[in-house]
Amino acid sequence: MNLTFTEEQNMMRKMVRDFAQNEVAPAVEKMDREDEFPTHLVKKMGELGLMGIPIPEEYGGAGMDFTSYIIAIHELSKVSASVGVILSVHTSVGTNPILYFGTEEQKQKYIPKLASGEYIGAFALTEPAAGSDAGSLKTRAHKEGDHYILNGSKVFITNGGAADTFIVFARTDKDAGSKGLSAFILERDTPGFEIGKKEKKMGMNGSSTVQLNFDQCKIPASQLLGEEGEGFKIAMANLDVGRIGIAAQSLGIAEASLEHAVDYAKEREQFGKPIAQNQGISFKLADMATEVEASKLLTYNAASLRGQGISCGKEASMAKMFASKTAVKASTEAIQVYGGYGFTEDYPVERFFRDAKVCEIYEGTNEIQHVVIAKHLLKG
Ligand code: CAA
């Protein structure tokens, strides 16, 4: 593919890069240390129109193309992968399910608030005993009059502590396996809904990850998203798109690792010359650069397909799998280039490493990405 960008896409890159350098970078160290959700940055992203980049203007979004949205996640993640994932989850799996599967009334009610950043969105699929096997989830929903009553719990919900709306998946038919799941739009202040334990994580500090509890949680029947039984397909279809966002986030971490390693290798002298002049270092940098480039091509290829409305589940999984592996490898190698300094908190490469690991896990582990890719290859 030919990786050229339109004038509009280049303007998006410049705008997000400026925002990341001027506003996100000064907040990164404190966000990492104190693990506080960056409410002020999300508010600013809303003002800049970043919280609804690919959302049509008629629903209050910026009405831009999908690639522009991926550019924003890529650029933000070079400075803060936590801010990158907040945007990715909010848009891909927090807002898009309503756009693609909601009634006109649901779209009018929620999307303008999500697209402006007044509301933050989250996606509640994973449960303590249902991670990769999402179709086996146990949170139950049964209808009573004009409400559904939900009981159960969710874990590892990104944006959960800060979100105003949640796309929640629950079982409405206990005998129908993955075809017995339904999706709901849940508002934060719904009776019987509680935000549970906040996870302490090795990285992605600042990005909120919480448990959710539903105890006789009463949701109006009008909040059902799509039809009863369509929940699994809604989850999978939106994860196809979401995984391109995680690929872009991984790409941002990998590219930042490479850039820092190159700069340091040119500066740091040992044995009377910059360490970059040793093949042991320069070949490492060459491998990192090649894998970053390959991740970029895979990620923007999947984004381009998505933008053209072409089915891209396989390409999204390939991009997410390869870019996340590259992020882990590049950040590990960056620490190696920095030597002992890389192992300290004085340089950002140890944070890149801590942030990279979960990219191989969330929105489907890399083992699950193999399953998805293989299913596409073998289905005929
Ligand atoms: N789009 C639409 N429909 C799909 C689909 C897709 N991408 N993938 C599957 N389906 C449909 C299938 O067509 C099938 O329906 P039919 O029988 O009518 O054809 C149905 O769903 C069941 O499909 P499978 O038999 O393939 O389902 P499975 O149970 O074997 O699971 C899986 C497949 C790929 C392993 C899936 O369970 C999966 O992706 N698991 C990973 C879950 C995941 O990614 N969790 C991430 C949590 S969210 C998160 O991390 C967000 C965050 O906070 C950062």
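Analyst: Let's start with helix 7, which runs over residues 231–267. Its 37 residues reach 53 Å from the first C-alpha to the last, close to the 54 Å expected at 1.5 Å a residue. (That expected span is 1.5 Å times one less than the number of residues.) Helices here are DSSP runs of H or I with at least four residues, strands are runs of E with at least two, and both are numbered from the N terminus.

Two bits of housekeeping. This is a predicted model, where local features need pLDDT of at least 70 and side-chain atom pairs count only at pLDDT 80 or more, while totals for chains, interfaces and linings use all residues. Residues are numbered from 1 along each chain as its sequence is written.

Back to the helix. Helix 7 has a kink of about 30 degrees, centred on Asp240; the bend at a residue is the angle between axes fitted to the seven residues ending there and the seven starting there. Helix 7 is also mostly covered, with 29 of its 37 residues buried. Buried means that 20 or more other C-beta atoms lie within 10 Å of a residue's own, exposed means 12 or fewer, and partly exposed is in between, with C-beta atoms placed from the backbone.

Now for the ligand. It is surrounded by 23 residues, and the closest are Gly135, Thr158, Met236, Tyr362 and Gly364. A residue counts as near if its C-beta atom, placed from the backbone, lies within 6 Å of the molecule. Helix 4 (81–93), helix 7 and helix 11 (366–378) are the elements that give two or more residues to this shell. Helix 7 provides the largest share, six residues. By type, the shell splits into 13 nonpolar, seven polar and three charged residues. Here Ala, Val, Leu, Ile, Met, Phe, Trp, Tyr, Cys and Pro count as nonpolar, Asp, Glu, Lys and Arg as charged, and the others, Gly among them, as polar.

So where does the ligand sit? It lies between domain 2 (122–231) and domain 3 (233–378), because both give residues to its shell. Those bounds come from an automatic or database domain assignment.

UniProt has its own annotation, from an unreviewed entry: "domain: Acyl-CoA dehydrogenase/oxidase C-terminal" at residues 229–378. UniProt positions use the numbering here, feature names are shortened, and annotations may be inferred rather than shown by experiment. That span is 75% helix and 3% strand, with its end C-alpha atoms 26 Å apart.
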